[in-house]
Amino acid sequence: MQKIDLFPTPIGIFDVENYQEINEEILSLKNKEQYQFSSDFDIWSFSNENEGLKKLQMKFLEASAELANEIVDENYKWIDFKNLRGWINLQLPGKVGRVHEHGSVSFAGTYYIDVNEDSGTLNLADPRIGISSWLQLPKKFNSLKDNTYKFKPEIGKLILIPGWLLHNIDLNNSDKVRISVSTNIITKYK
Ligand SMILES: [Fe+2]
């Protein structure tokens, strides 16, 4: 028998160097009234005056190139990446993040500034329509186990997922605000 595993879903998980420094710099925005520490503004527009944001924006682009290298092999050399809007997510205790996707962007990326054990996993949904019928098979015949992958965020980690992948954030069961930065990344041909 020849078995082919078709249509993989590439996810990239990265460690960001000097994350304490980056986080401190980004969080300093909170004290500046004009920056409106909320999800309504494009944080990359402040990259020139905030070193932490500048480094993080660069990291998102480098990470995209690294993941693309794994997906399309040599061809990535012809591709460049560009950040679209970036925003800060503040998920208050007791809140959940609704199921959504980011449409046709190449990658949706998130970087974690302040999270803990109980502040909620990032849940990635199995994109195969109809997979639920397989999940009803007895467990001993079934290596699929679940149709959701729960990614446990850690401070200083960055994750990239395909823009089309449905995801949501679990309940923030901690007493602290869960803080992350997200962005959409598109490809741009050189
Ligand atoms: Fe999202």
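The crossing of helices α1 and α2 is left-handed in this predicted model. The axes of α1 and α2, the latter spanning residues 51-72, come within 7 Å and cross at roughly 125°. On the α1 side, the contact is made by E21, I22, E25 and I26; on the α2 side, E51, G52, L53, K55 and L56 contribute. By class, this contact between α1 and α2 comprises four nonpolar, four charged and one polar residue.

The helix pair belongs to a protein with three helices and nine strands. Along the sequence, these elements follow the pattern β-α-α-β-β-β-β-α-β-β-β-β. Among contacts with a separation of 6 or more, 84% are accounted for by residues 24 or more positions apart. Of the 190 residues in the protein, buried residues make up 26%.

T9 and D126 are 117 residues apart in sequence, yet their C-alpha atoms are 8.9 Å apart in space. When neighbours within four places in sequence are left aside, T9 is in contact with P127, P162 and L165. T9 counts as partly exposed because 14 C-beta neighbours lie inside 10 Å, a number between the limit of 12 or fewer for exposed residues and that of 20 or more for buried ones.

Positive phi values in residues other than glycine were found at F7 and at N18. For F7, phi is near 50°. F7 is also placed in the segment before β1, and its 7 C-beta neighbours inside 10 Å lead to its classification as exposed. For N18, phi is likewise near 50°. N18 is found in the loop between β1 and α1, the helix of residues 19-27. N18 has 12 C-beta neighbours inside 10 Å and therefore counts as exposed, since the exposed class covers residues with 12 or fewer such neighbours.

How values were computed
Residues numbered from 1 in each chain as written. Predicted model: local features only at pLDDT ≥ 70, side-chain atom pairs only at ≥ 80, totals over all residues. Contact = placed C-beta atoms within 7 Å. Helix = DSSP H or I, 4+ residues; strand = E, 2+ residues; numbered from the N terminus. Axes fitted to C-alpha atoms, helices over the stretch in contact; angles between N-to-C directions. Left-handed = near helix turned anticlockwise from the far one by under 90°. Nonpolar A, V, L, I, M, F, W, Y, C, P; charged D, E, K, R; others polar.
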